[in-house]
Structures are given as structure tokens and as C-alpha cells.
Amino acid sequence: MMSNLAKKAGILLLLGGCLLFPLSAANISFLVIETGVREEDRANESSTIWENGLMDVFFDAGHIVTNAPIMRLHENPSEEFPGEAQRELDEAFLGGAEFFVLALLDYQGIVPAANSVLNPRSVSLRLFSTKPYKILYERTYPAGTSLRKNDRFSYAQNAARLIVPFLRNR
């Protein structure tokens with residue numbers, strides 16, 4: 001039988017090991033913004049594909065993910081972080097998010113065919129830390145408009161996989 005002192009020492013070693021090797025899960029919030037889309041255009045399928053593709057990769061990497069509702073702006077914002085999305089960033093920060101991923105889907109100049117899904121011209125991904133607030137990563141991708149739905153989802157996931165390593169440098 002193990003002595004009481006040995007049990008206590010074992011428990012302390014186990015707890016000490018947990019403190020030495022902290023869990024690496026980060027709390028990450030996502031926001032997808034569609035730009036250049038008329039209210040009557042159906043663009044949400046592509047936006048949802050990108051949102052789900054991004055969130056799946058971060059979740060599979062062991063992070064805690066949340067998202068804000070997809071937002072529409074008439075034109076591409078000129079600033080690094082659009083003022084219209086500031087409320088979403090503030091809510092993410094208050095909710096404990098350490099990182100904020102902004103996906104800007106640019107539909108400027110895309111004319112939808114009758115009853116078809118509108119695909120973006122490009123997608124800009126930006127990763128921000130919330131404390132201190134700074135941009136950690138930015139890259140623009142052609143959106144792959146000729147790809148099938150499953151291929152577009154994989155394309156979004158591959159773009160997200162390039163962001164994940166930037167979370168380690170926090």
C-alpha cells in the first residue's frame with residue numbers, strides 16, 4: 001500500500017506538471033464581412049463556406065472559437081480594421097477573446113448570374129491580437145470562384161492553416 005505522504009507527493013507532482021505545461025488553447029473570435037454586395041444579392045453561401053472553413057481549422061487545432069454575424073459593407077474599408085466592426089471586436093475582447101480573425105470577402109464588380117450564388121473576387125484574412133491590439137497576420141487570396149463548393153471549403157481551410165502558427169507567438 002502506498003503511504004499517505006507518497007499519494008500527496010504524487011498529486012503535487014501531477015498538478016505541478018500541469019502548471020509547467022499550460023494548455024495552449026486560445027479563445028478566438030471570427031467576423032466575416034462582405035463588401036460590394038447589394039442587399040438583394042445572395043452571397044451568404046460563399047461567406048458561410050469561408051466562415052466554417054476558418055472556424056473548423058482553429059477548432060480542430062484545439063482552440064475555442066466564436067463568431068459574430070456576417071456583416072455587409074458597401075465598399076472595401078480603407079483602414080486596417082473597419083470602424084463598422086469595432087463593436088464586434090469590443091464584444092470579443094470583453095468575452096475573453098485573445099485573437100480576432102477578420103475575413104473580408106470582396107464582391108466589388110461581380111455581377112451575379114440569374115439565381116446563382118455570388119462568389120467573391122478575393123478574400124483578405126487578418127489576424128489581430130486583442131491585448132495588446134495589433135495585427136499579426138494579413139494575406140489576400142483569390143477566392144477560387146471556379147471551384148466547386150467542397151473545393152472552396154478546402155481552399156478556406158488551407159488558408160486558415162497558414163494562420164494557426166501565428167497563435168504560438170503570443
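Me: Buried means under 20% relative accessible area, exposed means over 50%, and partly exposed is whatever falls in between (1.4 Å probe, protein chains only). So what makes Tyr155 partly exposed?

Reply: Tyr155 has 26% relative accessibility.

Me: What should I know about the model itself?

Reply: It's a predicted model, where local features need pLDDT of at least 70 and side-chain atom pairs count only at pLDDT 80 or more, while totals for chains, interfaces and linings use all residues. Residues are numbered from 1 along each chain as its sequence is written, and side-chain values use heavy atoms, leaving out hydrogens and water.

Me: Why is Gln157 called buried?

Reply: Its relative accessible area is 13%, which is under 20%, so Gln157 counts as buried. Gln157 belongs to helix α4, residues 149-161 (helices are DSSP runs of H or I with at least four residues, strands are runs of E with at least two, numbered from the N terminus). Leaving aside residues up to four places away in sequence, Gln157 touches Gly53, Asp56 and Val57, where contact means heavy atoms within 4.5 Å.

Me: How do you know that the buried residues of helix α3 are on the same side?

Reply: In α3 (residues 86-94), the buried ones are Glu88, Leu89 and Ala92. They cover an arc of only 100° around the axis, which puts them on the same side; the arc is that of the directions from the helix axis to the C-beta atoms. The face turned away from that side carries the exposed Arg87 and Leu94.

Me: What makes the pair of Tyr137 and Phe166 tilted?

Reply: Rings of Phe, Tyr and Trp (its six-membered ring) pair if their centres lie within 6.5 Å; planes under 30 degrees apart are stacked, over 60 edge-to-face, and the rest tilted. That rule gives seven aromatic pairs. Tyr137 and Phe166 are 4.8 Å apart centre to centre, with 55° between the planes, so they pair and count as tilted. Tyr137 is in strand β6 and Phe166 in the segment after α4, so the pair ties together parts 29 residues apart in sequence.

Me: And why is the pair of Tyr141 and Tyr155 called edge-to-face?

Reply: Their centres are 6.4 Å apart, within the 6.5 Å limit, and the angle of 80° between the planes is over 60, so edge-to-face it is.
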